[in-house]
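These notebook entries record what I looked up on helix packing and aromatic rings.

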Amino acid sequence: MRISPHIVSDVMTHTVVAVGRDASFKDIVKLMQEWKVSALPVLEGEGRVIGVVSEADLLLKEELRDSDPDRATQMRRLSDLSKAGGMTAADVMSTPAVTVHADATLAQAARVMAQRRVKRLPVVNDEGLLEGVVSRADLLKVFLRTDEEIAEEIRHEILVPLFPAPPEPVQVQVVDGVVTLTGRVRDTSLVPIVARLVRSVEGVVDVDPALSGGVRVREPG
């Protein structure tokens, strides 16, 4: 059984389509259509990622095709105007590339995507060489874990270490990713700790919010 947290290498796509810096505008569009992706890494040398071309980069050519911007707009959107006139990947790519390492947690990758407003991240090694790509859809794969798999991880990785000999066994139930715990424990100060640990398990949608402290663990009478 895999212990949380999962990392990028668990879910990333290893077979990746990429382009060189001299790839033409039309070839980039064709590759995106063929592979059904919204962005392509741009490589040089032995596979070092130097940038990313996204649909947003390419659409600037259409957006600014008939525009006649005033000087203030030209200064504000200088980079966009340059990309709109681009002919190759080197002209239109966003650089430096926003990347992630294979050993990053899924939470770390998700934060990078949110902060940098990107849908896909090239996965690189310490030398910056491409190893794969991780997308938003890849990060959501953890929610495909079965309820029983989640419950087993909670039992063995959280409950057994924290409650090795409770007055009665702490029971875990998972339904559609929502976790409920029941039982009696000697040290109720552990209840919020358990709630936090359970929420950190990959695939958990929520811990029943209507329950005291986030989990239904009764104080012994």
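I began with the rule for aromatic pairs: rings of Phe, Tyr and Trp (its six-membered ring) pair if their centres lie within 6.5 Å. I searched the whole structure and found zero aromatic pairs.

I noted that this is a predicted model, in which local features need pLDDT of at least 70, side-chain atom pairs count only at pLDDT 80 or more, and totals for chains, interfaces and linings use all residues. Residues are numbered from 1 along each chain as its sequence is written, and side-chain values use heavy atoms, with hydrogens and water left out.

I then looked up helices, which are DSSP runs (H or I, at least four residues) numbered from the N terminus. Axes are lines fitted to C-alpha atoms over the stretch in contact, and angles run from 0 to 180 degrees between N-to-C directions.

Helix α2 (residues 25-35) and helix α3 (residues 55-63) cross at roughly 130°, and their axes come within 11 Å. I recorded α2 as oblique to α3 for that reason; angles under 35 degrees count as roughly parallel, over 145 as roughly antiparallel, 65 to 115 as roughly perpendicular and the rest as oblique. Phe25, Ile28, Val29 and Met32 of α2 meet Glu55, Leu58 and Lys61 of α3 (contact means heavy atoms within 4.5 Å).

Helix α9 (residues 147-162) and helix α10 (residues 191-199) pack at about 160°, with axes 11 Å apart.

Definitions and conventions:
Helices (H or I, at least four residues) and strands (E, at least two) are DSSP runs, numbered from the N terminus. Rings of Phe, Tyr and Trp (its six-membered ring) pair if their centres lie within 6.5 Å; planes under 30 degrees apart count as stacked, over 60 as edge-to-face and the rest as tilted.
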